[in-house]
Amino acid sequence: MRLMSRAALAFAAVLVAAPALRAQTSFSIAAGAAAPIGSTADDLKMGYNATVGLGIKPPVAPLGLRFEGMLNQMDFKTSGLGSARLISGSANVTLSGPAVPMGYLIGGVGMYNVAFPDLANVDAENKVGFNIGAGLNFPLTGFGTFLEARLHVVNTEGQSMKFVPVTFGIKF
């Protein structure tokens, strides 16, 4: 009889824990425009951004984590020079709460691979950078959408490379 009650208790715990675990992780894909700012805008035009992410957030906690991979490409203003390509991986902290139920703040650090594929004598380099921004969640049945803007600063030699991707995404 004890074995049967323990088995029932374990089964009930699994049934309760499984939905809670699913609620804590999410997969996201997003795309949008990448706008260079500051001195970066002197050389580059607006480009595009594509992002994939894995989010981890306990249901009632205000803090969460998001790990992302990102691709940005922006063309040079001077014709014939081609484009700048940035591929990055970042770890971010998200902050949300009851005061702003649909909004959140996000920021983190990452490694950025900066390349100029069309320039012959310029090698790709890995650089450290950071990002900070805000977003709005739009929850739907079974999935959610979000709109987000973040400032990315990549520590390159000389002046930092700065750009702001504005993305729209889907979260599963």
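The protein exposes about 10100 Å² of surface, and carbon and sulfur atoms supply 70% of it (Shrake-Rupley method, 1.4 Å probe; for residues, only the protein chains shown count as cover). This is a predicted model, in which local features need pLDDT of at least 70 and side-chain atom pairs count only at pLDDT 80 or more, while totals for chains, interfaces and linings use all residues. Residues are numbered from 1 along each chain as its sequence is written, and side-chain values use heavy atoms, leaving out hydrogens and water.

Two helices and eight strands make up the secondary structure (DSSP runs numbered from the N terminus: helices are H or I with at least four residues, strands E with at least two). From the N terminus on, their order is α-β-α-β-β-β-β-β-β-β. Of the 172 residues, 31% are buried (under 20% relative accessible area; exposed is over 50%, partly exposed in between, with a 1.4 Å probe and protein chains only).

Six salt bridges are found in the whole structure (a side-chain nitrogen of Lys or Arg within 4 Å of a carboxyl oxygen of Asp or Glu). One of them joins E148 to R66, with the closest N and O atoms 3.1 Å apart. Because E148 lies in strand β7 (residues 144-154) and R66 in strand β3 (residues 63-75), this pair ties together parts 82 residues apart in sequence. Both E148 and R66 are buried. E68 and R150 also meet in a salt bridge, at 2.6 Å from N to O. Here too, E68 in strand β3 and R150 in strand β7 are 82 residues apart, and both are buried. Salt bridges link R66, E68, E148 and R150 in a network.
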